[in-house]
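The following note sets out points for a colleague who is examining the model.

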Protein chains: 4
Amino acid sequence: MQSFNRIDVEDARILIAGATEKAREIGVPMCIAVVDESGNLVAFERMTGGKVTSITIAIDKAYTAAAAKKATHEYGEASQPGKPAYGINAAIGGRLMVVGGGLPLVVDGETVGGIGISSGTPDQDRSCAQAGIDAFLARHAKAN
Amino acid sequence: MQSFNRIDVEDARILIAGATEKAREIGVPMCIAVVDESGNLVAFERMTGGKVTSITIAIDKAYTAAAAKKATHEYGEASQPGKPAYGINAAIGGRLMVVGGGLPLVVDGETVGGIGISSGTPDQDRSCAQAGIDAFLARHAKAN
Amino acid sequence: MQSFNRIDVEDARILIAGATEKAREIGVPMCIAVVDESGNLVAFERMTGGKVTSITIAIDKAYTAAAAKKATHEYGEASQPGKPAYGINAAIGGRLMVVGGGLPLVVDGETVGGIGISSGTPDQDRSCAQAGIDAFLARHAKAN
Amino acid sequence: MQSFNRIDVEDARILIAGATEKAREIGVPMCIAVVDESGNLVAFERMTGGKVTSITIAIDKAYTAAAAKKATHEYGEASQPGKPAYGINAAIGGRLMVVGGGLPLVVDGETVGGIGISSGTPDQDRSCAQAGIDAFLARHAKAN
């Protein structure tokens, strides 16, 4: 038996609030997904104007980041032509996302969840995902 | 009618044990899948710390290697941009894996199964897959 | 943040060994899948003679039992024509199994995994699943 | 290692010819699929007038019959409301067929393939599947 930690829906709201604030600041309505450490959805919000195609993409970015314990943009680098993970973007029925915007949520060295953002450029998506992570970690640091 | 050979679950355990030993040696917990010569799963183990995304990826690497009678890293080379098999990584709903870590198990010139490994770098995955194959072939040589 | 427990691959082997022993006793080779508390595969074995169709069915029975925290035969009763859950067998792309043979593994009131068996009649599958659970709980009781 | 037998494409043509003859006799153009003992497609023919929806259905009936070593109409009986396998028709992404017209090909007690027919009524499909099986077994008896 293993013991582990995972985020709950209250935590997910903090991640979404942090990402939403950043999305408003840069003026890009986003789809925002938060998953637990196994990659299963905990919370999701599509801001008014967020893209319909981005619903699945955001969920799959969050899934990839949490379940593989790796930022999706890192997969982007590792899967360029000629690189070792080339071609992995089609794996798991296309759920393995290699486009930036998915980040694992790591607390005390343990992946406890993930966030995935989609609707802007990958850089915009990634900055909003980071804002969600930062909001959570700031709150978490204060609470401990 | 044709007569064939395929591995059974006892063989699969030997392959998994060989791969697990190598995974421990290099310190990377892996997902390890073994399939028969038709690509159907015979045995699977996710070591503690193996990635959730790697469950499907390991199974699909084993499937690709056995059913196509080809190591997945060979597909990686053949599917680079401009190469003849470019784009094949999305085939079969994304099951056709072109990332290293899937090896066919060939005995006396006949493919009798396959092994697929995922959670490390493709090179690490491939070395653990090879360790599984080597463990089986060593045992097989001794028995014959 | 919440703290949880889940089975690991050592536990999964105990479950599989218990189910395999029962399968041999009744003379029906089985597919045996063990998942963690989130429904993700930890270990799988197809005994020699286990059915190819049963690979997915065993995995999906284990997934359903663990992730829904409910034995699959209970869904069988609840999904009969005219009953509230009628039609749910097609949910999640057909992964929601309502045929007996999937059981959650509950330790101290907490679902920590699940086991799914397929290849025999649903009653045979269920008895082997129960044998796997019993083997684990006997070992667990002794260790604590 | 296990040794086993499976049909080849020459055998599949005999099965298809037998089923086609029966289909002409009853005046129903059919989709006819033949798979090997693992459920993988060996040959397929859609007679002129065979239904497009029946392509997948015939393939999945053959898959079910061979891979589960059981006629699909037997699943039909076992999966009626209140029966033990109720709900199994949606399993494996809906590939598990419980409608008549899929038969395993059993030679000397060993399942070596399967045939699946679709486009007519389930009874018509089943009679054509049986005609395919009979044609193969007659030829096989003569050859041995």
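Predicted model: local features only at pLDDT ≥ 70, side-chain atom pairs only at ≥ 80, totals over all residues.

Which residues does C:Leu41 touch, not counting residues up to four places away in sequence?

1. In it, C:Leu41 touches B:Phe44, B:Arg46, B:Ile55 and B:Ile59 of chain B, together with C:Ala33, C:Val34, C:Val35 and C:Ile59 of chain C, residues up to four places away in sequence not being counted.

2. C:Leu41 also belongs to the largest nonpolar core, which has 48 residues. The residues with the most contacts inside this core are A:Ile88, B:Leu41, B:Phe44, C:Leu41, C:Phe44 and D:Ile88. In soluble globular proteins, nonpolar side chains tend to be buried together.

3. The contact between chain B and chain C takes 18 residues from chain B and 18 residues from chain C. B:Leu41, B:Glu45 and B:Arg46 supply 35% of the area that chain B buries against chain C, more than any other three residues. Between them the two chains bury about 1,400 Å², with 45% of this area on carbon and sulfur atoms.

4. Chain A is superposed on chain C by a rotation of 179° with 0.0 Å of shift along its axis, the RMSD being 0.1 Å. These two copies are thus related as by a two-fold rotation axis. Of the residues of chain A, A:Phe4 comes closest to this axis, at 2.7 Å (C-alpha). Here too, 100% of the interface residues of chain A are also interface residues in chain C, so the copies meet through the same surface.

5. Four salt bridges are found across the interface of chain B and chain C. In one pair, C:Arg13 forms a salt bridge with B:Glu45, with 2.6 Å between the closest N and O atoms. In another, the side chains of C:Glu45 and B:Arg13 meet at 2.6 Å, N to O. This second pair crosses between chains, from strand β3 (residues 41-46) of chain C to helix α1 (residues 9-26) of chain B. C:Glu45 is buried, with a relative accessible area of 10%, whereas B:Arg13 is partly exposed at 34%.

6. B:Asn40 is found in the loop between β2 (31-36) and β3 (41-46) of chain B, and is buried with a relative accessible area of 15%. Residues up to four places away in sequence not being counted, B:Asn40 touches B:Val35 in chain B, C:Arg46, C:Val52 and C:Ile55 in chain C, and D:Ser38 in chain D.

7. In chain C, eight of the nine residues of strand β5 (residues 110-118) are buried, so the strand is largely enclosed by the rest of the structure. Strand β2 (residues 31-36) pairs with β5(C) in the antiparallel sense over six bridges, with C:Asp36 opposite C:Gly113. Strand β4 (residues 102-107) also pairs with β5(C) in the antiparallel sense over six bridges, and there C:Gly102 has C:Gly116 as its bridge partner. The hairpin of β4(C) and β5(C) has two residues between the strands, and C:Asp108 in the turn has a positive phi of about 50°.

8. C:Thr111 is found in strand β5 of chain C and counts as buried at 15% relative accessibility. Its contacts include C:Asn5, C:Glu37, C:Ala66 and C:Lys69.

9. Over all chains the structure holds 32 salt bridges. A network of salt bridges links A:Arg6, A:Asp36, A:Glu37, B:Arg46, C:Arg6, C:Asp36 and C:Glu37. Within chain B, the side chains of B:Lys61 and B:Asp125 meet in a salt bridge at 3.1 Å, N to O. That pair links helix α2 (residues 53-67) with helix α5 (residues 122-143) of chain B, the two residues being 64 residues apart. Both B:Lys61 and B:Asp125 are buried.

Notes. Residues numbered from 1 in each chain as written. Chains lettered and ligands numbered in written order. Heavy atoms only, no water. Buried < 20%, exposed > 50% of the residue type's maximum accessible area, 1.4 Å probe, protein only. Helix = DSSP H or I, 4+ residues; strand = E, 2+ residues; numbered from the N terminus. Pairing = 2+ DSSP bridges. Core = buried A, V, L, I, M, F, W, Y, C linked by side-chain atoms within 4.5 Å. Contact = heavy atoms within 4.5 Å. Least-squares fit on C-alpha atoms with pLDDT ≥ 70 in both. Buried area = accessible area lost by both parts, 1.4 Å probe.
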